[in-house]
Amino acid sequence: MKKLIYTLFSLPLIIFLLLFKLSISISATNVIQKSEKQKLSDRGVYAIVDGDCLIGGMVNGKWMDSKEIFPHIKGGEKYRFYTIDKYIGEGIGGIPIAEGEGNMVEIKPISNKRDDYTHDFVGLIANHNPLPRIPRIQNSEKKRYEKIVKKILVQNGMSKAPVNITQIVSVDLEGDGKEEVFIRAAKEATNNSQENYFLYSIIVMKKVINGKEKYILLAFNSNKHMNPEYDLVLNIMNLLDIDGDGVMEIIIEEQYYEGITLYVYKVKNVHKELVISDYCGS
Ligand SMILES: [Ca+2]
Ligand SMILES: [Ca+2]
């Protein structure tokens, strides 16, 4: 009888100890998973190409431009191709070759999805999913952002320039449940030289921080350094997690008449950080 009472009293204690042990091992697993995820970008080579131009990437936790990443690309790497909102196939790249003012990688497609060359796309060397959340094109929202574009133009001494929003894309960069919005506005060169006085190209980002809408100007080119001969047009190229930390980077392409510059930004709160910027062309 005494033994039975002893067992009945100690049973809850045993269950409690078992549950406690279980919770410790669950949280230990979480810690391991978390640190493994954080460490993913600390090893390996994560490169980005625009067409056949090697732009840069991350090697063992360090962001590098084209020249720096060049010796780390040995040939035989698999590249995955992405347009702004989808994966379009993959290919195997060769050893980079210095050509003109850039470094080129010849990539042989191994799947047929990359047949639509009319769309802009980038290629990535990555072991993770660089498109964890799918960006949405939201061009019907243009009216809503005219005020902010106007404000940027006025602040830059271009109050007479027409507001012309051409591209709106949204995605949740960090996966925190709040979508970021990317707005592109531009006045591009025409044959009418008078109109060309107001050339500009703007990429601005909307982010909700503590319930308030904040606008972060990512890139701005104005008529000061644009002319019809070398129109430095900016585009929201891709939103991709290049380095595998779960946060998507912002990839902006600047078109020049004989080449391109790619800018890769990371944004934390209202702070933008330019992690790669490289030119490729003749
Ligand atoms: Ca977000
Ligand atoms: Ca990332």
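Reader: So how do strand 4 and strand 5 pair, and over how many bridges?
Author: This is a predicted model, to be clear. In it, strand 4 (residues 78–82) and strand 5 (residues 87–93) run antiparallel and share five bridges.
Reader: What do the two form, and how many residues sit between them?
Author: A hairpin, with four residues between the strands. Tyr82 has Tyr87 of strand 5 as its bridge partner.
Reader: Which residue stands opposite Arg80?
Author: That's Leu124, in strand 9. Strand 9 covers residues 122–124 and is joined to strand 4 by three bridges, again antiparallel.
Reader: Is strand 4 mostly covered or mostly open?
Author: Mostly covered: of its five residues, four are buried. For the protein as a whole, buried residues are 33% of the 282.
Reader: Switching topic. What's the strand order in the open sheet of five?
Author: The order goes 10-11-12-13-14, and the pairing is antiparallel.
Reader: Which ones are the edge strands?
Author: Strand 10 (136–137) and strand 14 (212–222), each of which pairs on one side only. Strand 10 pairs with strand 11 (residues 165–171) over two bridges, in the antiparallel sense. Over there, Ile137 faces Val169 of strand 11.
Reader: And which helix packs on that sheet?
Author: Helix 3, residues 146–155. Helix 3 touches strand 11, strand 12 (180–187), strand 13 (200–209) and strand 14.
Reader: What angle does its direction make with strand 13?
Author: About 125 degrees.
Reader: Zooming out, how many helices and strands does the protein have?
Author: Three helices and 18 strands.
Reader: Now confidence. What's the average pLDDT?
Author: The protein averages 84, and 77% of the residues score at least 70.
Reader: Which elements have the lowest and highest mean pLDDT?
Author: Helix 1, residues 2–40, is lowest with a mean of 51. Helix 2, residues 66–69, is highest at 97.
Reader: Where does the pLDDT go below 50?
Author: Residues 24–32 are below 50.

Technical notes. Residues are numbered from 1 along each chain as its sequence is written. Chains are lettered from A and ligands numbered from 1 in the order in which they are written. This is a predicted model: local features need pLDDT of at least 70, side-chain atom pairs count only at pLDDT 80 or more; totals for chains, interfaces and linings use all residues. A residue is buried if 20 or more other C-beta atoms lie within 10 Å of its own, exposed if 12 or fewer, and partly exposed in between; C-beta atoms are placed from the backbone. pLDDT is the predictor's confidence in each residue, from 0 to 100. Two residues are in contact if their C-beta atoms, placed from the backbone, lie within 7 Å. Two strands pair if DSSP finds at least two bridges between them. Axes are lines fitted to C-alpha atoms, for helices over the stretch in contact, and angles run from 0 to 180 degrees between N-to-C directions.
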